[in-house]
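We will go from stop to stop.

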Amino acid sequence: MSPEDPTTEDPTTEGPAAQESEQTGEVEEQPLVTEEPLPAELPILPLRNTVLFPTLVTPMLATSDRAQRLVTDALQGDRLFVVVAARDAEVEEPAPADLYGVGTAVRIVRMAETEEGAQHLWVQGVRRVKVGAYAQEAPFLRAAVEEHDLDLQPSLDLEALHRNVSTQFLQFTEDGSGVPDAVRALVSGLDDSGVLSDVVASNLGLSVADRQEILETTEVRQRLERLSEHLAREQEVRRLESEIREQVQEELSKSQREYMLREQARAIRRQLGESDVPEEQIEALRQRLDEAGVPDALRDDLEREIQRLESLPPGAMEAGTLRTYLEWIADLPWGSVTEDVLDVARAREILDEDHYDLEKVKDRILEFIAVLKLKRDMKGPILCFVGPPGTGKTSLGRSIARAMGREFARLALGGVRDEAEIRGHRRTYVGALPGRLIQIMKRVGTRNPVVMLDEIDKLGTDFRGDPASALLEVLDPEQNHAFSDHYLEVPFDLSQVLFIATANNLDTVPPALLDRMELIEVVGYTEEDKVEIARRYLLPRQLERHGLKDRGPQFSDAALHTVIRGYTREAGLRNLERELGKVARKVARRVVEQGDAPERIEPDDLATYLGPVKFEPEVAGRLENPGVAVGLAWTQAGGEILFFEATRMPGKGGLKITGSLGDVMRESVEIAVAAVRTRAKALGLEPELFAHSDLHVHVPSGSTPKDGPSAGVALVTALTSLLTDRAVPPDLAMTGEITLRGKVLPVGGIKEKVLAAKRAGISRVLLPSQNEKDLSDVPSEQLEGLEVIRVETIDEVLEQTFGKDLFK
């Protein structure tokens, strides 16, 4: 074995010299280990990846010139040299500093030349030695050596340890260890504990470092203790390996057994003339479940369901139900996620392209995209767009999905009364299906779509359950990561879904559900906004739908303003688009019948296409007589003006209220009457006037329910107008809640109410002083030409309406 390549042949211990002689044939010389002293200086042969021990015979192969010179020199003398292990097996030519300090002196037992010119020799370990100073390094190493004798002190403990190591070694080498029987026989007959430790260490498969440690240890007891520990560890490793092999073999046997049983069952079905299709379907279903990415926690349960399906006859009703259930599980997007497009500038461009204005909504979505770009595992927010119909809440959801590169799905909740619509039916029912949320997840094929919960304020409830309560889990980010559908009965993760709800009125939304959503108000459009939206979106869409894309007429701004004022009265855009579509149909008919179309539509042309104007300004005409005031109201369709009418007749102090008023507004009428009566003297009214008169308060559009406290200011103004015989100025509208102490309290919906006043041609608006902050939501162009009068008391209201000379 050359020092440059000591692992060319793996050294194998074959036993003592006599045994080697018997196995290798005739040799020129067979020296036995003797007690004769060693020379003071011997050649040193470095070894890599191995350590040799005394007594044992080991084959070696010398291939390099350096090693062959050392062997030739040894053969010419006493055939002795020292083998020393290298500290680093990667060093090609170890220097003295690269070698351990203890090695083994060996004697060449036999040497033969190979056909390739290498020297094949067998060496027997003679004695362990300590290497001293090196005398030469070329053509081979030579150093001073000193015997490194063992410390052997016989005792009962040492004898017990000797027997234990011998027994452990024989047990360890019983089956498949690769140790020759001759070595086992040698170990069983050894009485010398030092020789036993050398033989066991040589055949135990220890690392070079462990072997070298045992070689350097002179105390025999310590060597045997370490060998006992190594043997115990190796036996434990072998036991664990055996258990692992048995488990693997058991699994293989189980799989093979199942395969054989399936094949036998298939053969039986063929003999009976039955089809193999159900078996093939089950295998395909099992493969789909494996590919679907179902969580590991569910696999065992699903496998039991598949095994139950295999045991059922193909035509059994339960088999069909079970197969449908497993197909639903396989079709869900357990691991499929759409890659988000987190480009804020691109998202802004898409949102502006699809929708005009709505800056609050756009800013919130852009904020979400920006945060998601910084924190990719962010849970989806639960947004709720609140506003009048026709303001673009639903279409906003599609734009958001397009801006983020996500799938979009809409879940219409209007009129839903059955909890099973959300959570699904249990599988025990015939025709059971998952809830609509799970159906949506299957349809979109991804775990992070944008889901629009449309008209969430119109959910109902009856004996079949409360869908709003079922939505509590869906819309709670702390719970929806494990949403459980009654049909599936397994948790499904909805935490990455971006839920967007829409509502017109929050009064019907349960507080617990409302608390889980982030409210974003989508207010009505101004007249200028509607004109711009009509030009950008509504007109081009209607002309294209009616085949007039390249030949449609142009609308003047005046014509659009006329349509908005005279033919629609809404906060949104649906009626406006409907009227524009009616014009487009008329034009399309003219093109077909006459072959031409008008180039431009002006206000005077609208009567031809839309008929007479539907909404005329009526404030001036209705305020000519005393007893009428204009109030401002908020409705689901936006802001509206309301007329509050009062009349007096002989009677006994009675009060009649009509106009489908709710309890809160009826109370406002009573408070207004009390406010006027307390000011009767200041207003110059006779004390007996109320005792000999009946009052009747009416709010027109009697079929429309009305309620709320904001009518108090208008009611006290109408009553004052009636009793003082002074008409309310026709350009004045008002809103505000009143108290018995004469205070005017703030109300809601200021933006919508101001826009309604602007649409109706009002030039002055009375508002509570505390609502001044809400005017910041009103576009500045809408406040132009509109005088906003801020009031804090009823007396200020009456003075601003009738003048300071009202009070006597």
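**Stop 1: helix 16**

Contact here means heavy atoms within 4.5 Å. Helices (H or I, at least four residues) and strands (E, at least two) are DSSP runs, numbered from the N terminus.

A word on the source: this is a predicted model, where local features need pLDDT of at least 70 and side-chain atom pairs count only at pLDDT 80 or more, while totals for chains, interfaces and linings use all residues. Residues are numbered from 1 along each chain as its sequence is written, and side-chain values use heavy atoms, with hydrogens and water left out.

Now select residues 467–474. Buried means under 20% relative accessible area, exposed over 50%, and partly exposed in between (1.4 Å probe, protein chains only). Color the buried ones: Pro467, Ala468, Ala470, Leu471, Glu473 and Val474.

Next, pick Asp466. This residue caps the N-terminal end of helix 16, with a side-chain oxygen 3.2 Å from the backbone nitrogen of Ala468.

**Stop 2: Arg364**

Move to helix 12 (residues 359–374) and find Arg364. Is Arg364 buried or exposed? Arg364 counts as buried, at 17% relative accessibility. Its side chain makes a polar contact with the side chain of Glu518 (2.6 Å). A polar contact is a pair of N or O atoms within 3.5 Å; within protein, one must be able to donate a hydrogen and the other to accept it, and residues adjacent in sequence count only if both atoms are side-chain atoms. Show Pro381, Leu383 and Ile520 too; Arg364 touches these as well as Glu518, not counting residues up to four places away in sequence.

**Stop 3: salt bridges**

Side chains of opposite charge can pair when their charged atoms come close. A salt bridge is a side-chain nitrogen of Lys or Arg within 4 Å of a carboxyl oxygen of Asp or Glu. How many salt bridges does a search of the whole structure find? The search finds 49.

Select Arg286 and Glu303, whose side chains meet in a salt bridge (3.1 Å, N to O). The pair links distant parts of the chain: Arg286 sits in helix 8 (residues 277–291) and Glu303 in helix 9 (residues 296–311), 17 residues apart. Arg286 counts as buried at 13% relative accessibility, whereas Glu303 is partly exposed at 27%.

Finish with Arg348, Asp352, Glu359, Lys362 and Asp363, which are linked in a network of salt bridges.
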